[in-house]
Amino acid sequence: MNKRYIYILAKILPKQIRSLIKRFYNPVIPGISKMDYGEISMSKESLNLMLDKLYEVLKNNIKGDLIEFGVYKGGSIIQFAKVLKELNSNKLIYGLDTFEGLPPETKGKDDVPFFYKGSMDYNNINKLKKVLVKNNVGNKIVLIKGLFKDTIPKLPKELNFCYAYVDCDMYEGTKQALEYLIPRMNKNGIIFIDDISSKSFVGVKKAVYEYLNSKEVKEEYDVAYWVKI
Ligand SMILES: C[S@@+](CC[C@H](N)C(=O)[O-])C[C@H]1O[C@@H](n2cnc3c(N)ncnc32)[C@H](O)[C@@H]1O
């Protein structure tokens with residue numbers, strides 16, 4: 001069947017049926033538009049790796065706060081905040097996103113597949129804030145709405161980080177995030193980048209290896225990570 005029809009069908013089908021089909025046939029289905037607030041999108045293996053490293057960073061008392069570039073409906077940021085709560089950490093997590101989907105000016109470019117463009121447009125920062133409160137992590141997360149290129153320059157100048165997650169699917173956003181983060185990560189702090197081996201989001205890998213030394217980057221499951229030395 002033509003891929004375009006598969007994606008249209010995938011958007012119409014209820015989640016349970018999609019999950020069942022995915023066991024036997026699993027092209028990249030844009031189920032992301034149907035995800036609920038707080039729902040986790042990454043694989044279990046990637047999440048476990050990222051949380052293990054977060055515990056390590058916190059137990060080793062690496063200085064600085066946390067930051068996520070690409071929050072969407074909060075799937076990953078809530079998990080990070082729960083760890084901060086559990087360990088009674090007074091660190092904060094800054095979460096940057098348009099909360100209105102991928103940047104419009106990138107829609108003509110081809111580093112995101114056609115079926116994915118627009119799939120995250122219907123997001124609502126106020127709903128997300130309520131979900132954060134419901135999860136008891138409202139006071140751990142600072143959400144910042146807008147394009148990275150506009151919000152990064154407005155971040156407090158003194159910010160520095162122990163842990164960062166870049167999950168924005170695109171070359172431009174990944175590049176802007178890494179340019180900002182590299183000098184602001186503290187020693188032994190970690191930057192994770194999602195979709196490193198994605199065949200759909202090819203711009204991510206390009207940006208990662210333009211900005212980070214390939215000898216210092218580790219790729220595991222769907223993510224890459226880099227530790228500041
Ligand atoms: C895959 S989602 C993030 C998923 C989230 N980390 C999770 O695990 O649930 C990618 C997000 O990046 C945001 N994004 C991509 N490029 C951006 C940019 N240049 N400025 C602001 N937000 C951007 C999109 O709005 C989208 O919500």
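## Exercises on a predicted model

Helix α8 (residues 202-211) has four buried residues to start from: G203, V204, A207 and V208. Buried means 20 or more other C-beta atoms within 10 Å of the residue's own, exposed 12 or fewer, and partly exposed in between, with C-beta atoms placed from the backbone. The model is predicted: local features need pLDDT of at least 70, side-chain atom pairs count only at pLDDT 80 or more, and totals for chains, interfaces and linings use all residues. Residues are numbered from 1 along each chain as its sequence is written.

**Exercise 1.** State how the buried residues of α8 are arranged around its axis, and what covers them.

Solution. Seen down the axis, the buried residues fall within an arc of 135 degrees (directions from the helix axis to the C-beta atoms), so they line one face of α8. Their cover includes α7, β5 (185-193), β6 (217-220) and β7 (223-227).

**Exercise 2.** Describe the shell around the ligand.

Solution. The shell has 21 residues (C-beta atom within 6 Å of the ligand), and the closest are G70, G75, S76, C168 and G173. Elements that give two or more residues to this shell are α4 (75-86) and α7 (171-181). By type, the shell divides into ten nonpolar, seven polar and four charged residues.

**Exercise 3.** Is K129 buried, partly exposed or exposed, and which residues does K129 contact?

Solution. K129 is found in helix α5 (residues 125-134). K129 is partly exposed because 15 other C-beta atoms lie within 10 Å. Leaving aside neighbours within four places in sequence, K129 is in contact (C-beta atoms within 7 Å) with G138 and L143.

Conventions:
Contact = placed C-beta atoms within 7 Å. Nonpolar A, V, L, I, M, F, W, Y, C, P; charged D, E, K, R; others polar.
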